[in-house]
Amino acid sequence: MHLVVGTFFLGLTTIGPAETPGVVAAGFGDVMADIGLLVSFGVIMGSMITQTGALQRLIEGMVGSFGAKRLPYIFSVSLSTLFTSIYSDVVLVLTAPMARRIAPRLGPRGIALMGGALTAGIEVGLVFVVPGVAALAAAGLLGVPLGEMFIWGLAIGLPTAVLTMLVFSLLAKRALHWGPNDEQAAESGGADITERADGPAPTDGGTPDGGTDGTAPGHQAQVAVLETESTPGRKLPLPLAVSPIVGTLILVALGALLGALKIEDPVLGFVTDPVFAMFAGAAASYVLARRAAPRAQVDKGVAESLVTCGPILVLSGVSGSLGMVIEASGLADILSGYFASSILPALLLVWVIAAVLHIALGSISISVITAAGILAPLAGSLGVPVVLVALAAGSGALFLPHVSSNFFWMFKELLGLSTRGTFKTHTVAMSLASVISLILILALDFVI
């Protein structure tokens with residue numbers, strides 16, 4: 001609501017009352033045309049994947065195949081690449097119990113290492129790797145082709161997850177000084193939190209407005225999706241269960257490759273178009289979910305996912321309205337001049353804008369979307385590829401999560417950490433990911 005009020009106020013004071021409503025509506029409509037279907041299909045696909053249990057089964061299979069020391073890396077890599085279509089709150093609820101069970105195998109700092117792995121995987125995938133919601137929204141707002149966003153987002157996201165885990169592991173061993181006060185038993189008078197960690201996401205301890213750091217205000221809908229998994233169903237072969245995700249990503253990547261090679265074919269162009277690719281993934285995941293769970297359960301998951309993605313679409317649309325008002329008012333030229341005259345690189349300024357928004361708002365997705373909306377009118381004049389602007393906004397939005405984030409409190413409860421321990425794991429790991437990804441993005445600027 002504040003963003004809507006601010007957009008109308010800016011319009012009234014710059015372009016006047018006669019033109020403001022039309023500009024606001026046009027900006028909203030343009031964004032919906034770009035990302036409305038993509039976000040909706042992505043959310044449905046993520047919801048259906050949870051019905052098949054593919055996430056838990058894949059990670060459990062990897063746990064049995066790799067040594068204990070590699071497990072944090074396995075978590076971070078798989079979560080940041082394969083399961084970005086699933087809401088971050090949902091992924092956390094699904095994976096936290098596994099992380100808790102694995103932690104003792106890694107020694108006294110095991111829970112810290114697994115906490116860092118969850119952060120590095122879930123949040124990095126959210127902002128960089130399509131079909132992560134924040135990555136989709138940033139690409140749509142800034143006009144980045146989805147295939148291009150996927151290729152370069154993966155090129156940044158995957159090494160960021162690995163390097164973050166590597167640096168965090170070194171810090172956990174030498175600098176974090178993990179102790180009893182970092183776990184929840186010390187803070188809660190010795191209460192047993194195992195049962196809570198294996199149960200549904202907590203509904204208390206979040207931010208006053210119910211905002212989440214991974215998606216949109218409120219996580220009740222995500223948890224409702226999880227509750228549908230309690231009904232036993234048919235167990236699908238794991239390759240078949242994850243095939244909608246893999247197939248969608250292959251089509252999107254193929255579309256980017258055809259564009260780079262300037263190959264024009266009507267049939268290939270149709271099947272590799274991002275809208276069709278996401279629709280095909282959502283449809284395939286729905287069919288597979290129907291084989292794995294009762295129809296009523298699957299249909300409830302679809303309905304809940306559509307309700308949940310609504311706030312994201314509205315926020316993205318309003319951010320598009322803000323961007324169009326900025327462009328119509330001439331403020332884009334002023335902002336572009338500030339960027340050009342700054343002694344700091346343009347991408348670093350983009351990172352700072354998103355980081356400040358995240359520290360103030362406490363939500364990763366809202367920070368990315370708002371930053372992209374502000375930057376959209378001037379992104380093409382910054383002298384850097386627009387895809388890097390989108391990636392820099394995602395990088396900045398990872399910086400310094402704290403108590404204003406509902407994900408912070410969910411992370412604390414589900415992993416059995418004290419507030420101090422949550423800062424040491426979630427905040428430190430995500431801030432590392434933010435800085436590491438910024439370095440990689442600045443380096444990539446010299447390549448593309």
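This is a predicted model: local features need pLDDT of at least 70, side-chain atom pairs count only at pLDDT 80 or more; totals for chains, interfaces and linings use all residues.
The secondary structure of the protein chain consists of 21 helices and zero strands. The chain has 448 residues, of which 56% count as buried. Among contacts between residues at least 6 apart in sequence, 82% join residues at least 24 apart.

The largest nonpolar core contains 122 residues. Within this core, the members that touch the most others are Phe75, Phe83, Leu118, Phe128, Met149 and Val389. Helix α6 gives the most to this core, contributing eleven residues. Another core, of eight residues, lies apart from it and includes Leu10, Ile15, Val24 and Leu322.

Helix α6 comprises residues 110-128, 19 residues in total. From its first C-alpha to its last, α6 reaches 27 Å, close to the 27 Å expected at 1.5 Å a residue. The helix is mostly covered, and 19 of its 19 residues are buried. When residues up to four places away in sequence are not counted, Phe128 touches Ala135, Met149, Gly153, Ile156, Gly157, Leu391, Gly394, Ser395, Leu398, Ser437 and Ile441.

Helix α8 (residues 146-174) packs with helix α21 (residues 419-444) at an angle of about 135 degrees, the axes being 8 Å apart. This angle makes α8 oblique to α21. The crossing in which α8 passes α21 is right-handed. On the α8 side, the residues that meet α21 are Trp152, Ile156, Pro159, Thr160, Leu163, Thr164, Val167, Phe168 and Leu171. Their counterparts in α21 are Lys424, Thr425, Val428, Ala429, Leu432, Ala433, Ile436, Ser437, Leu440, Ile441 and Leu444. Ile156 of α8, together with Ser437 and Ile441 of α21, is also among the residues touched by Phe128.

Helix α21 also packs with helix α17 (residues 346-361), their axes coming within 11 Å and crossing at roughly 160 degrees. The two helices are therefore roughly antiparallel to each other, and the crossing of α17 and α21 is right-handed. Leu347, Leu348, Trp351 and His358 in α17 meet a set of α21 residues made up of Met430, Ser434, Leu438, Ile441 and Leu442.

Helix α17 itself has 16 residues and spans 23 Å from its first C-alpha to its last, close to the 22 Å expected at 1.5 Å a residue. Its buried residues are Ala346, Leu347, Leu349, Val350, Trp351, Ala354, Ala355, Leu357 and His358. An α-helix has 3.6 residues a turn, so residues three or four places apart point the same way. Gly362 follows α17 and has a positive phi, near 80 degrees.

A proline is found in helix α12 (residues 238-260), at Pro244. Pro244 is buried, with a relative accessible area of 4%, because that value is under the 20% cut-off for burial. Leaving aside its neighbours within four places in sequence, Pro244 is in contact with Met45, Ile49, Gly281, Ala284, Ser285 and Leu288.

Methods:
Residues are numbered from 1 along each chain as its sequence is written. Side-chain values use heavy atoms; hydrogens and water are left out. Helices (H or I, at least four residues) and strands (E, at least two) are DSSP runs, numbered from the N terminus. The expected span of a helix is 1.5 Å times one less than its number of residues. Buried means under 20% relative accessible area, exposed over 50%, partly exposed in between (1.4 Å probe, protein chains only). A nonpolar core is a set of buried Ala, Val, Leu, Ile, Met, Phe, Trp, Tyr and Cys residues joined through side-chain atoms within 4.5 Å. Contact means heavy atoms within 4.5 Å. Axes are lines fitted to C-alpha atoms, for helices over the stretch in contact, and angles run from 0 to 180 degrees between N-to-C directions. Angles under 35 degrees count as roughly parallel, over 145 as roughly antiparallel, 65 to 115 as roughly perpendicular and the rest as oblique. A crossing is left-handed if the near helix is turned anticlockwise from the far one by less than a right angle, and right-handed if clockwise.
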